[in-house]
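Subject: Structure for your files

Dear colleague,

Please find the structure below. My notes on it follow.

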Amino acid sequence: MDVNEQMAALATAFADCRKAFTAMGDENRQLIILALLRHSGGMRVGELMEEVRLSRPALSHHLRILKEAGIVDMFKIGTKNYYHLSGDKKNWDRFTVLMRQIEALMAQGNKDCSQRKELEEDERHRGDGGPAFRPELSE
C-alpha cells in the first residue's frame, strides 16, 4: 500500500472514530469515564452525580452523548439503572484499527524522513546544490 492509500485508509479509520473522539473530548465526559473505570460493577446516576459533581440534567445529557458514541452502556436491575463502559468489542476495535494504521504510517514516515535527511546530507557534502547548500559558508 502506497502512502496515498495509507492516508486514505487512515482518514476512513479516523472518521469511524470521530463521534467517540468528540464525545470523549469534553472534560465532564472524561470525568464520567474515569469514574466508570474506577467502579467495575457499574454506577447509578446518583453515585455518578456525587463523584463527578454534576447536576442530574447535566449528567443525563453527558451520559446520552457517551451512549450514542458507544462508549457507555446501561443495564437494569429491577428499577435501577447502572451505567458502565461499553463492552461492545466492535466499538473499541475501531480505535485499534486507527492506532495500527497510524503506527504503520509513522514507521513509513520515519523511514522517509531518514532517507531524505541522508540525501540532503550527501548533497551538502558533495556541494552539488540542494536546498541546504550555501556556497558562501562552504569555504
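What does the accessible surface of the chain come to, and what percentage belongs to carbon and sulfur atoms? The surface is about 9700 Å² (Shrake-Rupley method, 1.4 Å probe), and carbon and sulfur atoms hold 53% of that.

This is a predicted model, in which local features need pLDDT of at least 70 and side-chain atom pairs count only at pLDDT 80 or more, while totals for chains, interfaces and linings use all residues. Residues are numbered from 1 along each chain as its sequence is written, and side-chain values use heavy atoms, with hydrogens and water left out.

The chain has five helices and two strands (DSSP runs: H or I of at least four residues, E of at least two). Their order from the N terminus is α-α-α-α-β-β-α. Of the 139 residues, 24% are buried (under 20% relative accessible area, 1.4 Å probe).

Helix 3 (residues 45-52) and helix 4 (residues 56-68) pack at about 105°, their axes 10 Å apart (lines fitted to C-alpha atoms over the stretch in contact; angles run from 0 to 180 degrees between N-to-C directions). Helix 3 is therefore roughly perpendicular to helix 4 (65 to 115 degrees). In contact (heavy atoms within 4.5 Å) are Val45, Leu48, Met49 and Val52 of helix 3 with Arg56, Leu59 and Leu63 of helix 4.

Regards

Note on methods: Parallel < 35°, antiparallel > 145°, perpendicular 65-115°, else oblique. Buried < 20%, exposed > 50% of the residue type's maximum accessible area, 1.4 Å probe, protein only.
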